Amino acid sequence: MPKDSAIHFEISERKVLLRIMDIVLVLSLVEVFGLVFQFDYLKLTQENWYWGALLAAYLTLFASIFELYDLQKASNLLVTFQNTILTASVTVLFYLFTPFLTPVLPENRIQILFLFLAIIAGIMLWRFAYVTLISAPRFNKKVMVVGDSFDINLIAETLEKADPNYRIVGYVNTDSRHQAAPVVTDLEAYPVENLGETVMQGGVSEIVVASGFDGVSMELYNELIQLLEKGFPIREYAQVYEELNQRVPVQNIDRDFYRYFPFSRSNKNRFYLFVHRFFDLLYGLLGILVLLVLAPMLWLLNLVANRGSFFFIQDRVGKNGKVFRLIKLRTMIRDAESGGAKYAQKNDKRITPFGRILRRTRLDELPQFINIIKGDMSLIGPRPERPQFVRELTELVPFYETRHIVKPGLTGWAQVRGRYGSSHDDALEKLQYDLFYIKHRNLFLDLNIILKTFTTVIFFRGQ
């Protein structure tokens with residue numbers, strides 16, 4: 001083992017730990033409150049164990065929606081406290097209004113306040129311990145990068161941003177054209193000689209190989225093999241990038257792309273496709289029902305605020321490159337593209353005030369449930385893009401057409417994880433997320449996207 005090597009919790013382990021300890025602390029405090037304050041509303045016994053199970057289920061669900069398991073936010077106690085208030089409020093509300101599954105409302109209604117406070121106190125006590133202990137620098141994973149064709153600073157920034165406990169501490173330059181190692185701020189340049197001893201003495205717990213042009217020299221190869229034989233973890237940069245960022249780094253992958261991109265078996269799994277289509281139809285019908293209920297009010301508001309057509313129809317590229325007619329509620333002024341097609345910007349002046357509300361709440365996308373029923377789209381998948389933009393992006397972004405392997409979606413991994421798309425650079429980032437979804441798509445990932453879509457709508461991150 002490396003000298004001074006510390007325990008490091010992987011991202012998945014930390015998320016599981018956060019969930020389990022949330023439940024344990026909250027249920028424990030409910031019991032403590034019951035003993036101290038004569039709080040018997042949620043007194044758990046062998047006969048009514050399901051009361052606690054339902055509370056745990058609601059807590060986990062709404063904590064996910066309000067981003068309590070986002071590791072970037074979990075290290076910020078102020079943000080965590082704000083999201084905990086939201087989680088506790090909605091959890092208690094749903095718990096109270098679940099008849100037959102939860103205890104009868106107590107005569108002393110202040111006990112409901114005790115339940116609310118128990119949830120907040122349990123989560124915050126655990127989060128304080130998490131920030132103090134688990135997120136502490138002593139649990140950082142110390143990583144060495146071996147590479148030549150990648151910007152070491154960019155690698156460090158990208159990986160550390162994805163995982164707060166992932167620390168690039170040094171690098172080995174393998175570019176034979178530049179014998180002198182490039183200057184990299186705050187990172188130590190390690191020599192190839194006696195690399196194994198250097199790694200062990202420095203407490204490095206993982207090596208990431210990001211070598212591109214010249215590959216790894218025989219001397220370095222032998223050093224890495226010796227480390228590998230001792231059980232030392234050595235991983236490839238694209239693999240680490242994908243695991244930490246949950247997107248495929250197409251810009252760093254050669255044309256032998258299919259080495260890195262085995263398509264998800266779910267893309268050919270008939271049962272998965274059947275379930276996927278079943279939920280498309282179910283949610284499509286529910287979405288159209290909501291549209292019919294809201295349409296009269298939205299039509300009147302559009303008549304006053306937008307003063308133009310209610311619906312907006314536009315060509316989009318679907319599965320296998322087939323063009324279809326996408327239906328939306330109009331959010332822009334008339335003749336918004338008189339000067340030609342262009343991306344909608346974040347604060348686009350062409351968007352009307354009422355249209356901005358429609359976009360932020362995602363109400364403008366309700367008519368797309370018609371496209372879902374017709375089979376042009378799915379509930380989950382890459383967002384459909386316009387033909388002219390597809391032609392441009394296909395020339396500029398590697399593997400862009402690969403996203404047309406599956407049906408486009410109303411929501412998707414890129415929509416809930418990526419930033420507002422208004423440029424070719426943003427299109428590259430969204431493609432990375434889209435390819436990750438196509439590569440790993442399954443029912444659990446679909447459910448995760450649906451939960452994150454609620455988060456996107458609640459925090460008004462929509463377009």
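Buried means under 20% relative accessible area. This cut-off is used in the legends below, which describe close-up views of a predicted model.

**Figure 1. Strand β7 and its pairing with strand β6.** Strand β7 covers residues 323–329, and five of its seven residues are buried, so the strand is largely enclosed by the rest of the structure. Its partner is strand β6, residues 311–317, and the two run in the antiparallel sense with seven bridges between them. Within this pairing, Phe312 stands opposite Lys328 in β7. The two strands form a hairpin with five residues between them, where Asn320 adopts a positive phi near 60°. In a regular strand the side chains alternate between the two faces of the sheet.

**Figure 2. The open sheet of five strands.** The strands are arranged in the order β3-β2-β1-β4-β5, and their pairing is parallel. Strands β3 and β5 (234–236) stand at the edges with a single partner strand each, so one side of each has no neighbour in the sheet. Inside this order, strand β1 (residues 141–147) runs parallel to strand β4 (residues 206–210), and five bridges join them. Val143 is placed opposite Glu206 in β4.

**Figure 3. The largest nonpolar core.** This core holds 54 residues, and those with the most contacts inside it are Leu42, Tyr95, Leu115 and Ile119. Helix α5, residues 110–134, gives the most to the core, contributing 11 residues. What surrounds Tyr95, once its neighbours within four places in sequence are left aside? Tyr95 is in contact with Tyr41, Leu42, Trp51, Leu54, Leu55, Tyr58, Thr102, Pro103 and Leu115. A second, separate core has 34 residues, including Leu291, Trp413, Leu435 and Leu445.

**Figure 4. Helix α1 and the elements that cover it.** Helix α1 comprises 26 residues (residues 11–36); at 1.5 Å a residue it should span 38 Å, and the 37 Å between its end C-alpha atoms agrees with this. The buried residues of α1 are Ile11, Arg14, Leu18, Asp22, Val26, Leu29, Val30, Phe33 and Gly34. An α-helix has 3.6 residues a turn, so residues three or four places apart point the same way. This spacing may be compared with the numbering of the buried residues, among them Ile11, Arg14, Leu18, Asp22 and Val26. The elements covering the buried residues of α1 include α2 (49–65), α3 (71–74), α5, α6 (152–162) and α9. After α1 comes Gln38, which has a positive phi near 55°.

**Figure 5. The salt bridge of Arg247 and Glu429.** The structure holds 15 salt bridges. In the one shown here, the side chains of Arg247 and Glu429 meet at 3.6 Å, N to O. The pair links distant parts of the chain, since the two residues lie 182 residues apart: Arg247 is in the loop between α9 (237–245) and α10 (270–305), and Glu429 is in helix α15 (residues 424–440). Are these two residues buried or exposed? Both Arg247 and Glu429 are buried.

**Figure 6. Further salt bridges and a network.** The side chains of Arg403 and Asp434 meet in a salt bridge of 3.1 Å, N to O. This pair also joins distant parts of the chain, 31 residues apart, with Arg403 in the loop between α13 (387–396) and β9 (409–411) and Asp434 in helix α15. Arg403 counts as buried because its relative accessibility is 7%. Asp434 likewise counts as buried because its relative accessibility is 3%. Arg362 forms a salt bridge with Glu365, with 3.9 Å between the closest N and O atoms. Arg362 and Glu365 are both buried.

Figure 7. Asn194 is located in the loop between β3 (188–189) and α7 (195–202). Gln246 belongs to the loop between α9 and α10. With a relative accessibility of 24%, Gln246 counts as partly exposed.

Terms used:
Residues numbered from 1 in each chain as written. Predicted model: local features only at pLDDT ≥ 70, side-chain atom pairs only at ≥ 80, totals over all residues. Heavy atoms only, no water. Core = buried A, V, L, I, M, F, W, Y, C linked by side-chain atoms within 4.5 Å. Buried < 20%, exposed > 50% of the residue type's maximum accessible area, 1.4 Å probe, protein only. Helix = DSSP H or I, 4+ residues; strand = E, 2+ residues; numbered from the N terminus. Contact = heavy atoms within 4.5 Å. Pairing = 2+ DSSP bridges. Salt bridge = Lys/Arg side-chain N within 4 Å of Asp/Glu carboxyl O. Expected span 1.5 Å × (residues − 1).
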